[in-house]
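Hi,

Here is the structure I promised to send over. Have a look, and my notes follow below.

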Amino acid sequence: NDPESTERCFEIDKSIELACNWLVSTQDSYTGAWIISGYRNLPHSYYTRVASILLDCSTEYSRPSWSNAAHKFMNWVTDQKQTDGSYHYLQFEKDENFSYLHAMAYLIEGFKHFGDISGNREYHTYALEYFELIFANSQHLVIPVSRYDGKTNPIDNEYCMTGLAQLCAVG
């Protein structure tokens, strides 16, 4: 038992606790979204990835409040699904009318990871349906592009390496 290693583990555990407690404390109590702590003080659907990590930590550290917050966010994000299968709040800026592929991939990753951790296969279905929508709307292209409109239709001819890598990882 190395005392330095034990001390470092304690520091990591304390940092995880502080971060998860901060996420819980900054969550909107009514909607479950992270707004005041979100990028540009906006809610973002792609924080499914954040919720999945919070759920993972809640399991590892036996913290029900973290799990509750993670589930509350996931309830909020599933309510953001539109009838065509697209999601609201994938933009980075308030007035943007498009989403970047890597933010869309974060949404998918979060759904998949949340489903893996929770054992709730419904989240895998959300991930798969959105993944398939991106590819269905991009079928006239060789590979998915960088930006999509609010209905998940491609709107440019550029590529997002991060988004493509993320899609490969979950695909």
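This is a predicted model: local features need pLDDT of at least 70, side-chain atom pairs count only at pLDDT 80 or more; totals for chains, interfaces and linings use all residues.

**Cysteines, salt bridges and a surface patch**

C20 has the sulfur of C57 as its nearest cysteine sulfur, 3.9 Å away, and is in no disulfide, since a disulfide needs the two sulfur atoms within 2.5 Å. C20 is also buried, at 5% relative accessible area. C168 is in no disulfide either, with the sulfur of C160 the nearest at 12 Å; C168 counts as exposed because its relative accessibility is 65%.

On to the charged pairs: a search of the whole structure turned up seven salt bridges. Two of the pairs sit within helices. In α1 (residues 3-26), R8 and E11 are three residues apart, about one turn of the helix, and their closest N and O atoms are 3.3 Å apart. R8 is partly exposed at 49%, and so is E11 at 35%. In α4 (residues 101-118), D116 and K112 are four residues apart, again about one turn, and their side chains meet at 3.2 Å, N to O. D116 is partly exposed at 42%, as is K112 at 31%.

R147 and D156 make another salt bridge, at 3.1 Å. Here R147 is partly exposed at 23%, whereas D156 is buried at 10%. There is also a salt-bridge network linking K14, E17 and R63.

Last, the surface: V142, I143 and Y159 make a nonpolar patch of about 330 Å². Y159 lies in the loop between β2 (147-149) and α6 (161-170) and is partly exposed, with 46% relative accessibility.

Cheers

Key. Residues are numbered from 1 along each chain as its sequence is written. Side-chain values use heavy atoms; hydrogens and water are left out. Patches are made of residues with over 30% relative accessible area and no salt bridge: like charges are joined within 9 Å, nonpolar side chains (Val, Leu, Ile, Met, Phe, Trp, Tyr) within 5 Å. Accessible areas come from the Shrake-Rupley method with a 1.4 Å probe; for residues, only the protein chains shown count as cover. A salt bridge is a side-chain nitrogen of Lys or Arg within 4 Å of a carboxyl oxygen of Asp or Glu. Buried means under 20% relative accessible area, exposed over 50%, partly exposed in between (1.4 Å probe, protein chains only).
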